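This report describes one protein chain. Please look over the sequence and the structure before reading on.

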Amino acid sequence: MAATKTAEPKRSPRERLLAAANELFYNEGVQTVGIDRIIEHAGVAKASLYNTFGSKEALVRAYLESRHARTIDRLTRAVAAHTDPRARLLAVFDSQGDMFARPDFHGCAFASASAEAPHGGLVEQATDSYRAQLRALFTALAEQAGAPDPAGLARQLHLVYDGATQSARMDRDPSVATVSRATAEALLDAALR
């Protein structure tokens with residue numbers, strides 16, 4: 001008896017546009033990739049893009065929101081794998097190190113997209129939302145670890161996280177993850193003294 005191949009469900013134009021945006025924007029840059037390339041890559045009509053998103057800026061925001069959700073999910077799963085508060089906090093940096101080692105790592109999508117975005121626009125709003133949620137995660141983890149100033153430690157950890165991402169990308173060196181984790185650990189130790 002021959003095995004039957006199950007057809008994949010057909011993706012909606014929105015899903016195809018977001019998949020194309022995710023691939024092209026992340027690999028090549030938001031400003032470099034034009035709408036026509038997104039449409040061609042997604043295999044949809046130009047009207048589908050404008051009916052679904054209204055503008056390139058709104059598509060960029062949707063792309064960043066999807067990356068936001070995936071990143072927070074990845075970090076949350078890494079944290080949830082531990083019960084010790086210290087290990088939970090450091091798991092964020094372990095997860096970051098795993099990301100740096102991926103062959104498709106191209107740095108921070110939010111830093112790249114916001115570098116040329118207009119002030120106060122949809123891209124800046126998406127970036128601000130992501131950064132606020134990441135900072136809230138660091139604050140909650142610092143509080144669980146017993147830091148007397150969780151917000152202050154969270155700000156330091158966020159700075160290390162951002163710097164490590166930039167360094168890993170610009171230096172093309174995933175081993176920076178070891179340094180960022182050690183720095184986070186030193187900051188946590190100093191905060192708990």
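## Basis of the model

The model is predicted: local features need pLDDT of at least 70, side-chain atom pairs count only at pLDDT 80 or more, and totals for chains, interfaces and linings use all residues. Residues are numbered from 1 along each chain as its sequence is written, and side-chain values use heavy atoms, with hydrogens and water left out.

## Overall fold

The protein chain has 9 helices and 0 strands; helices (H or I, at least four residues) and strands (E, at least two) are DSSP runs, numbered from the N terminus. Along the principal axes, the C-alpha atoms fill a box of roughly 60 × 60 × 30 Å. Of the contacts with a separation of 6 or more, 66% are between residues 24 or more positions apart; contact means heavy atoms within 4.5 Å.

Among the 193 residues, 40% count as buried. Buried means under 20% relative accessible area, exposed over 50%, and partly exposed in between (1.4 Å probe, protein chains only). The chain exposes about 10,700 Å², and carbon and sulfur atoms supply 52% of that area. Areas come from the Shrake-Rupley method with a 1.4 Å probe; for residues, only the protein chains shown count as cover.

## R67 in helix 4

R67 belongs to helix 4, residues 56-80. R67 is buried but has no salt bridge, that is, a side-chain nitrogen of Lys or Arg within 4 Å of a carboxyl oxygen of Asp or Glu. The nearest side chain of opposite charge is that of D104, 6.9 Å away; Lys and Arg count as positive and Asp and Glu as negative, while His and the chain ends are not counted. With neighbours within four places in sequence left aside, R67 is in contact with N22, Y26, A109 and F110.

## T165 in helix 8

T165 sits in helix 8, residues 150-170. T165 counts as buried because its relative accessible area is 6%. A polar atom of the T165 side chain lies 3.0 Å from the backbone oxygen of Y161. Apart from neighbours within four places in sequence, T165 is in contact with Q96, F100, F105, G107 and C108.

R172 is found in the loop between helix 8 and helix 9 (176-192). R172 counts as exposed because its relative accessibility is 67%. The phi of R172 is near 50°, a positive value in a residue other than glycine. Most residues other than glycine have a negative phi.

Notes
Polar contact = N/O pair within 3.5 Å; in protein donor to acceptor, adjacent residues only side chain to side chain.
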